[in-house]
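Please look through the model below with these notes beside you.

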Amino acid sequence: MTLPIVYNWVIIILRTCFTMIALSYLPVWLTLDYVSDLMYMIDMIITLHTGYLDQGILVKDLIQLRKRYLRSKHFLWDLASILPFDFLYFAFGFKTPLVRINRLLRIPRLNEALDRMETRTSYPNTFRIAKLMIYIFVLIHWNTCLYFALSSSLGFGSDPWVYPNITDTEFGSMRRQYFYCFWFSAQILTTVGDIPHPEREEEFMFMIADLLIAVLVFASIVGNVGNVVTSLRDRDNVFFPNHELRKGDVGHEMYIIKEGKLAVVADDGVTEFAVLSDGNFFGEISILNIKGNKSGNRRTANIRSNGYSDLFSLSKEDLTDVLSEFPAAKRHLEEKGRQILTKMGMLEESGEKEEGEGEKVETKIKRLENNLEVLQTKLARLMMELESSNHKMQARVAQLELEVSELETQVSEDDGERDRTSGRGQGVGREAEWEREEAEGEEEEEEEGSYMKGEKQGHRDDSNDVTKEGDGESTKSTKEDAERVVEGDKCRPKNPDNQGDKSEDDGETIQGDDRPGKEDGAEIEPENGKEAKSGKRESEEGKRRKRTRGRKLKGRRNERKTKKK
């Protein structure tokens, strides 16, 4: 992009101010114009596909490149510099190439190209001087064109300050016009030479602006040339020998030979012990801090360059940082340094032992660190597994609790049904038991009733035998009372209380029946009295049992009625 941008910066203003030059070579200018426009378009396409660094990584993805370029300010400048203002030629004519003034907006691209060329060239100082000269030429060229345009507006030859009259054949040619104006502008900007004094206000304003620009140009020229000369001197000083750096000096860096040959010489500077060539290195012993080194951090030999040599310098700090990442290279350098020191007799044996012990300790420390890292990794993995198993266990416990709650609900429902069923069964069984006990009670009552009946009957027979001679009415009444008692017992077997009461009445009746016999027959009274007493005791015991059994039966009947209700 250097050529099309410089072309537009030089030719557009030239054609605008020097109309004779513009019209004389119009086809050439138009061709060069559109070739430069084509190069502008090609540059936009190339920029659209040019990668960029994002945090040290080269981005080549076309979509990302397109987004980055289309959203940047460079795209706006590039687009504005290629807008087709050339159609204004149809309105103003081809004598006004100023319509292409927007092509000058590509100047940032020119600065970028010059910076890249400066970093890649093998002669950067020369390139800086050449770039400065190009800037000065463009500045004087623009001043030349503006001076000719101002002379044309004021009138050629109107005063000594403006350009002479072009009707004069000496000043009428195009080359003479340009060279005269260029010479005049160079005198103004360099403040060298005798120039006519301005006479008009426009001329004074033009001179004032030129003088201010000249001051800046002079300062920039002096500064840039001074930097170039200084850098040239520093570069030469790097390759010039310094005879003060002899053996025994403190070492701060080591060297790697890129090109050339260097000799390891004795103290006299003549005797050569060895010759080092491309790829070899030296000076590492004084910066490695090898234990047991008697010389410490001082140089152990003298190095002399046999002719021109190009070296790389590596400082002690940078070497330490690099060797911390490459322990194998560090061991190699230290081993080589110990061998050299051993040959020179400058390595202490105790130092070697200490070095070996130090290496063992370092090895142990590294091994422990590696083991610690492994254990930490295992611990992290175990913690992750424990956490995972804990989550699984919690989920399992929650599931089991849900299942247990469902089982408890089902069991409670089954127990309720079983209780209802067993309750019905127990109720039926109790009713059957109560009926059986009632039947047994009725049978016992009947047996006791029949027993009492027979006993009473025998008693009456005895009474009749004893009292046959007695009153017949009394016997008859006693027999009738006994029969009534027996019939009453048969009619009410289920009421023990009534039975007991009835039995008492019967006993009283029997006793009443015995009294008339006593009056009639006093001889038989003792035997009958004993039998009556024994019968009375038996009847009393039977009454008690009946009462107890009656109460139980009555309570069971009431309980059964309550349950039925």
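Leaving aside neighbours within four places in sequence, which residues is V59 in contact with?

1. Contacts of V59. The residues are G51, Y52, D54, Q64 and L65. Contact here means heavy atoms within 4.5 Å. V59 lies in strand β2, residues 57-59. V59 has a relative accessible area of 10%, so it counts as buried. The cut-offs are under 20% relative accessible area for buried and over 50% for exposed, with partly exposed in between (1.4 Å probe, protein chains only).

2. Basis of the model. This is a predicted model: local features need pLDDT of at least 70, side-chain atom pairs count only at pLDDT 80 or more, and totals for chains, interfaces and linings use all residues. Residues are numbered from 1 along each chain as its sequence is written, and side-chain values use heavy atoms, with hydrogens and water left out.

3. Confidence. The pLDDT (the predictor's confidence in each residue, from 0 to 100) averages 76 over the chain. A score of at least 70 is reached by 69% of the residues. Residues 461-479 stay under 50, and the model gives this stretch 16 contacts beyond four places in sequence. Residues 485-528 are also below 50, with 44 contacts beyond near neighbours in sequence. Where pLDDT is low, the predicted coordinates should not be read in detail.

4. Whole chain. There are 16 helices and eight strands. These are DSSP runs numbered from the N terminus: H or I of at least four residues for helices, E of at least two for strands. Of the 565 residues, 28% count as buried. Take the contacts between residues at least 6 apart in sequence: 67% of them join residues at least 24 apart. The accessible surface is about 38,000 Å², and carbon and sulfur atoms hold 58% of that. The areas come from the Shrake-Rupley method with a 1.4 Å probe; for residues, only the protein chains shown count as cover.

5. Helix α1. Its 16 residues, 2-17, should span 22 Å at 1.5 Å a residue, and the end C-alpha atoms are 23 Å apart, which agrees. The expected span is 1.5 Å times one less than the number of residues. Buried positions in α1 include P4, I5, Y7, I11, L14 and C17. The buried residues of α1 pack against several helices, among them α3 (26-48), α8 (124-154) and α9 (174-190).

6. A three-stranded sheet. The order is β5-β4-β7, the sheet is open, and the pairing is antiparallel. Two strands pair if DSSP finds at least two bridges between them. The edge strands are β5 (272-276) and β7 (302-305), each pairing on one side only. From one strand to the next, the twist averages 30 degrees.

7. Around V265. Strand β4 (residues 262-265) is joined to β7 by four bridges. Four bridges also link β4 and β5. V265 stands opposite N302 in β7, and its bridge partner in β5 is E272. The hairpin of β4 and β5 has six residues between the strands. There, G269 takes a positive phi near 80 degrees.

8. T126, buried or exposed? T126 has 52% relative accessibility, so it counts as exposed. T126 sits in helix α8. T126 and V228 are 102 residues apart in sequence, yet 8.0 Å apart in space, C-alpha to C-alpha.

Notes. Axes fitted to C-alpha atoms, helices over the stretch in contact; angles between N-to-C directions.
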